[in-house]
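Subject: Structure handover

Hello,

Here is the structure for your files. My notes on it follow below.

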Amino acid sequence: MYRFLLSRQWVITTLVALLLIPTMIWLGFWQLHRHDERAARNRLVEDALAADPVPVERLTSPGHTVTRAERYRTVTAKGRFDTDDEVVVRRRTNGNDRIGYHVLTPFVLDDGSVLLVNRGWIPADPDSQTAFPEIPAPPRGETTVTGRLMPDETSAASGIRDLDDLPDRQIMLIDSAREADRLGARVLGGYVVQTAPDPEGGTPEQLGDPGRENAALNMAYAVQWWLFAAGVPTGWVILVRREARDRAAATADAREPTETAPAAV
């Protein structure tokens with residue numbers, strides 16, 4: 001009755017079904033792994049933002065690599081802005097996806113070391129992509145800055161290509177080691193996204209808090225893949241039974257005697 005399963009068509013169908021089941025199960029576990037990663041990041045961000053501010057020197061120093069646990073921690077720093085060595089970071093967007101620059105200003109601490117401060121976003125000049133833009137000045141004199149500590153940027157982590165031969169005082173990635181070479185100073189590892197004091201006139205536009213990742217969506221995808229995996233053998237059984245039923249019906253029809261008309265007298 002089920003000898004048709006040995007046909008080429010059904011052998012291929014069965015093999016495809018057998019391949020789909022473990023593939024879908026694996027995809028479900030991959031989505032579960034993504035859920036755990038995103039949930040862990042959300043907890044890390046929440047904990048970091050909720051922690052009390054600490055002096056920046058407690059978490060970073062020249063040459064230090066900002067760790068995952070230190071990322072987004074609120075820090076404070078006392079010193080003065082050095083606008084003479086200010087640079088802008090190209091191809092950055094604001095909350096409305098407008099393309100512009102991030103303003104990166106060295107902040108000289110009392111001990112002479114330098115903290116890189118991302119003061120926020122400014123729009124790009126539509127008439128020139130090479131001229132250094134006009135940037136509102138930061139507070140003068142000694143200032144206390146508050147912000148979120150961030151690790152140095154890399155192309156691998158950000159997806160931003162680090163280009164050469166850029167216009168003067170323009171960079172693609174924030175790299176404390178490279179800035180230390182440019183400034184000839186002891187630059188603290190990582191950089192700070194400024195959250196206070198508020199800029200006069202609202203410019204540069206300060207960057208918003210890091211958003212929450214939708215971990216629940218990955219969990220839903222995981223369950224979806226596992227349901228698909230469970231549905232494959234169910235669908236295969238339904239198809240086999242329907243094929244067997246159709247073949248049995250066709251065989252029964254072929255065996256019925258053919259009625260003939262009565263012979264003429």
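In helix H3, which spans residues 176-183, the buried residues are Ser176, Glu179 and Ala180. Buried means under 20% relative accessible area, exposed means over 50%, and partly exposed lies in between (1.4 Å probe, protein chains only). Helices (H or I, at least four residues) and strands (E, at least two) are DSSP runs, numbered from the N terminus. Seen down the axis of H3, the buried residues fall within an arc of 105 degrees, so they line one face of the helix; the arc is that of the directions from the helix axis to the C-beta atoms. Their cover includes strands S3 (87-93), S5 (114-123) and S7 (170-171), where contact means heavy atoms within 4.5 Å.

At the start of H3, a side-chain oxygen of Asp175 comes to within 3.0 Å of the backbone nitrogen of Ala177. After H3 comes Gly184, with a positive phi near 65 degrees.

This is a predicted model: local features need pLDDT of at least 70, side-chain atom pairs count only at pLDDT 80 or more, and totals for chains, interfaces and linings use all residues. Residues are numbered from 1 along each chain as its sequence is written, and side-chain values use heavy atoms, with hydrogens and water left out.

Salt bridges

The whole structure has five salt bridges, a salt bridge being a side-chain nitrogen of Lys or Arg within 4 Å of a carboxyl oxygen of Asp or Glu.

- Arg178 pairs with Asp162, the closest N and O atoms being 2.8 Å apart. This pair links distant parts of the chain, with Arg178 in helix H3 and Asp162 in the loop between helix H2 (155-158) and S7, 16 residues apart. Arg178 is partly exposed at 42% relative accessibility, and Asp162 is partly exposed at 25%.
- Glu86 and Arg119 meet at 2.8 Å, N to O. This pair also links distant parts of the chain: Glu86 is in the loop between strand S2 (74-81) and S3, Arg119 is in strand S5, and they are 33 residues apart. Both residues are buried.
- Arg34 and Glu37 meet at 3.2 Å, N to O. They are three residues apart in helix H1, which means a separation of about one helical turn. Arg34 is partly exposed at 24% relative accessible area, as is Glu37 at 37%.

Regards

Technical notes:
Polar contact = N/O pair within 3.5 Å; in protein donor to acceptor, adjacent residues only side chain to side chain.
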